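Trainee: I would like to go through this structure term by term.
Mentor: Good. Ask what each word rests on.

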Amino acid sequence: MELIVLIVIVAVIVLLVVVLIGMYNGLVRGRIRVREAWSGIDIQLKRRSSLIPNLVETVRGYAAHERQTFESVTRARAMLDNAGTAQQAGQANNILTQALRSLFAVAEAYPELKANENFLQLQSELTDTEEKIAYARQFYNSNVLSYNTSVQTVPTMFIAGMFGFTTEEFFEAEEEARQDVRVDFSVPATSPAAAPAVQAAPPSSPPGQPPPTPGA
């Protein structure tokens, strides 16, 4: 009888250890997936940052007086390059998006710039990069959500606390920055709105006389 009880106790302990190891390994895998997903965002952010200097110089060649706009883009790019966390990178990326919109707005006033091959190529590459960042953001945040749920829920939260697993930051995009950086330089054909027809009022009849008959 004592042997059976001992076997049961040992089996329970072994099962408990297996479960704890499984939860620990699950947390490790979750953290690894988050870091791998972040590397995808980091690659695209660096690619986007590398396009900025050439873009600024291209626009500067046509609008050198727009110094404030160029400085805003340069500062935003520096913030993105120096971001140390996902939250900081997300904020810096949003600021850079807004600065790029201002830069493209400047370009709209210069027809020759809008037709510049280098400018069009950079615009296309930036749009493509922004789309890839949006996809990578979604993939990263999905992994962060799954991992953070494990860290903050029972029973894995106890293992997370024992071994130093902490929640990860989301890579957020502000509502205004969720749209891709696209500028359509084509001018849509517009047809003038038809003005409402105005009919001249019939001449008023002298008092006491019937109104004139139409077509008379």
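**Helices, contacts and burial**

Mentor: The chain has six helices and zero strands. From the N terminus on, its elements run α-α-α-α-α-α.

Trainee: What makes a stretch a helix here?

Mentor: Helices are DSSP runs of H or I with at least four residues, strands are runs of E with at least two, and both are numbered from the N terminus. The model is predicted, so local features need pLDDT of at least 70 and side-chain atom pairs count only at pLDDT 80 or more, while totals for chains, interfaces and linings use all residues. Residues are numbered from 1 along each chain as its sequence is written, and side-chain values use heavy atoms, with hydrogens and water left out.

Trainee: How do you describe two packed helices?

Mentor: By the angle between their axes and the distance between the axes. The axes are lines fitted to C-alpha atoms, for helices over the stretch in contact, and angles run from 0 to 180 degrees between N-to-C directions.

Trainee: Why are α1 and α3 called roughly parallel?

Mentor: The axes of α1 (residues 2-60) and α3 (residues 86-107) cross at roughly 30° and come within 12 Å. Angles under 35 degrees count as roughly parallel, over 145 as roughly antiparallel, 65 to 115 as roughly perpendicular, and the rest as oblique. The pair α1 and α3 is therefore roughly parallel.

Trainee: Which residues make that contact?

Mentor: On α1, they include Trp38, Leu45, Arg48 and Ile52. On α3, Asn93, Leu96, Leu100 and Phe104 are among them. Contact means heavy atoms within 4.5 Å. By class, the contact of α1 with α3 has 12 nonpolar, two polar and one charged residues. Nonpolar covers Ala, Val, Leu, Ile, Met, Phe, Trp, Tyr, Cys and Pro; charged covers Asp, Glu, Lys and Arg; the others, Gly among them, are polar.

Trainee: What is the handedness of the crossing of α1 and α3?

Mentor: That crossing is left-handed. The term applies if the near helix is turned anticlockwise from the far one by less than a right angle; clockwise gives right-handed.

Trainee: What makes α2 roughly antiparallel to α3?

Mentor: The axes of α2 and α3 cross at roughly 160° and come within 8 Å. That angle makes α2 roughly antiparallel to α3. Their crossing is left-handed. Thr69, Phe70 and Val73 of α2 are among the residues in contact, as are Ala92, Leu96 and Leu103 of α3. This contact of α2 with α3 divides into 13 nonpolar, four polar and one charged residues.

Trainee: And why is α1 called roughly perpendicular to α6?

Mentor: The axes of α1 and α6 (residues 156-163) cross at roughly 70° and come within 9 Å. That makes the two roughly perpendicular. Leu20, Met23, Tyr24 and Leu27 in α1 meet Thr156, Ile159, Ala160 and Phe163 in α6. The contact has seven nonpolar residues, one polar and no charged.

Trainee: Why do Asn141 and Ile133 count as buried?

Mentor: Asn141 has 16% relative accessibility, so it counts as buried. Ile133 is buried with a relative accessible area of 0%. Leaving aside neighbours within four places in sequence, Asn141 is in contact with Phe170 and Phe171. Not counting residues up to four places away, Ile133 touches Gln44, Leu45, Arg48, Asn93 and Phe171.

Trainee: What share of the chain is buried?

Mentor: Buried residues make up 30% of the 216 residues.

Note on methods. Buried means under 20% relative accessible area, exposed over 50%, partly exposed in between (1.4 Å probe, protein chains only).
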